[in-house]
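Please look over the sequence and the three-dimensional structure below before reading on.

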Amino acid sequence: VKFPNPYTLKQIATIIGCEFVGHDEFPVLGMNEIHVVEAGDIVFVDHPKYYNKALQSAATIVLINKEVECPEGKALLISDDPFRDFNKLTEFFKPFQSANQSVSDSVQVGEGTIIQPNCFIGHNVTIGKNSIIHSNVSIYDDAVIGDNVIVHAGTILGASAFYYKNRPEGFDQLKSGGRVVIQDNVHIGALCTIDKGVTGDTIIGAGSKLDNQIQVGHDTVIGKKCLIASQVGIAGCVVIEDEVTIWGQVGTASGIRIGAKAVIMGQTGVTKSVEGGKTYFGTPVEESRNKLKEFAMLRQLPKIIEKLKENQ
């Protein structure tokens, strides 16, 4: 999330009611999660395990729950609950706007685009040329959809991230202020759900084709010309490089990378990052030829056991 105008460190500290370390006029340009932060961004951290990662990240303002030595050229916001205060900032800069009609007046639709009945399209959505949005599609605020895109019935673009902090009184959700970006020539099947980023973008790359009933988690980036079959579940913050093929009922762990032109066979659990240009299968994920060799050897076990009995 980039702020509409630059803010000062003192102004941000006033919004969330916390102390700070740094010059009053230290510039603050936005807020982001650690994997997408840039200079001028706020990043939050609330566990000692991740202090160094946050302090050494590209972010120049660190929202932290302990006063630590501040790296040169950076500033600190000292909070007793950084998770809560990060949510306060999201609410301040990207507040929820209710709708009173099915298609917001702020929607921009390109020439030749067709929107079928019973769709909901929220505020500040942009849809390019010659696209088709089929019936009962819901597109949340700020989504960007390119040219020649097809979105089939019942798909939802822009639901909140599945991101929670476990507190004694229950789970506390990290609020989502990001977007969904669908690039040109993408086809999305029926009943898919693509969550928006927490602070950044969830992106489906140009020319990619998604089957029905696919879940894409927050801040995930899918590259160009990917092919994804039905009932795939992709977790948050995953990077899928160009021309990857993922067959049905695959699930992934969060924060992993799948290399370009990789093929993930059906019902695989992608538990770790994998290189491009290879075919993978199984849970935990392995190169398919290795996994299939294992299966072939396992089928020989009864014969081996019989031979051992005969030799006793």
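## Basis of the description

This is a predicted model, in which local features need pLDDT of at least 70 and side-chain atom pairs count only at pLDDT 80 or more, while totals for chains, interfaces and linings use all residues. Residues are numbered from 1 along each chain as its sequence is written, and side-chain values use heavy atoms, with hydrogens and water left out.

## The chain as a whole

The protein chain has five helices and 34 strands, where helices (H or I, at least four residues) and strands (E, at least two) are DSSP runs numbered from the N terminus. Taken along the principal axes, the box filled by its C-alpha atoms is roughly 85 × 55 × 35 Å. Of the 312 residues of the protein chain, 43% count as buried; buried means under 20% relative accessible area, exposed means over 50%, and partly exposed lies in between, with a 1.4 Å probe and protein chains only.

The accessible surface of the protein chain is about 15900 Å², and 52% of that surface belongs to carbon and sulfur atoms. Accessible areas come from the Shrake-Rupley method with a 1.4 Å probe, and for residues only the protein chains shown count as cover. Among contacts (heavy atoms within 4.5 Å) between residues at least 6 apart in sequence, 24% join residues at least 24 apart.

## Two domains

The protein chain is divided into domain 1 (2-94) and domain 2 (108-289), with bounds that come from an automatic or database domain assignment. The contact takes 15 residues from domain 1 and 17 residues from domain 2. The centres of domain 1 and domain 2, taken over C-alpha atoms, are separated by 29 Å.

## Salt bridges

The structure holds 17 salt bridges, each being a side-chain nitrogen of Lys or Arg within 4 Å of a carboxyl oxygen of Asp or Glu. The table gives some of them.

| Salt bridge | N to O distance |
|---|---|
| K2 and D41 | 2.7 Å |
| D142 and K94 | 2.9 Å |
| K278 and E287 | 3.7 Å |

In the salt bridge between K2 and D41, K2 lies in strand β1 (residues 2-8) and D41 in strand β4 (residues 41-45), so the pair ties together parts that are 39 residues apart in sequence. K2 is partly exposed, with a relative accessible area of 45%, whereas D41 is buried, with a relative accessible area of 0%.

For the salt bridge between D142 and K94, D142 lies in the loop between β12 (138-139) and β13, and K94 in the loop between α3 and β7 (108-109), so this pair ties together parts that are 48 residues apart in sequence. D142 is buried at a relative accessible area of 16%, while K94 is partly exposed at 32%.

In the remaining pair of the table, K278 counts as partly exposed, with 28% relative accessibility. Elsewhere, salt bridges that share partners join D80, R84, D85 and K88 into one network.

N87 lies in helix α3 (residues 82-93) and, at 6% relative accessibility, counts as buried. Leaving aside neighbours within four places in sequence, N87 is in contact with D172, Q173, L174 and K175. A polar atom of the side chain of N87 lies 3.0 Å from the backbone oxygen of Q173.

V149 is placed in the loop between β13 (144-145) and β14 (150-151), and with 0% relative accessibility V149 also counts as buried. Leaving aside neighbours within four places in sequence, V149 is in contact with N130, S131, I132, I182, Q183, D184, N185 and V186. V149 and D184 are 35 residues apart in sequence, while their C-alpha atoms are 6.1 Å apart in space.

## A nonpolar surface patch

L292, F295, L298, L301, I304, I305 and L308 make a nonpolar surface patch of about 630 Å². The elements that give two or more residues to this patch are α4 (288-299) and α5 (301-310), and the largest share, four residues, comes from α5. Patches are made of residues with over 30% relative accessible area and no salt bridge, where like charges are joined within 9 Å and nonpolar side chains (Val, Leu, Ile, Met, Phe, Trp, Tyr) within 5 Å. F295 is found in helix α4 and is partly exposed, with a relative accessible area of 34%.

Methods: Polar contact = N/O pair within 3.5 Å; in protein donor to acceptor, adjacent residues only side chain to side chain.
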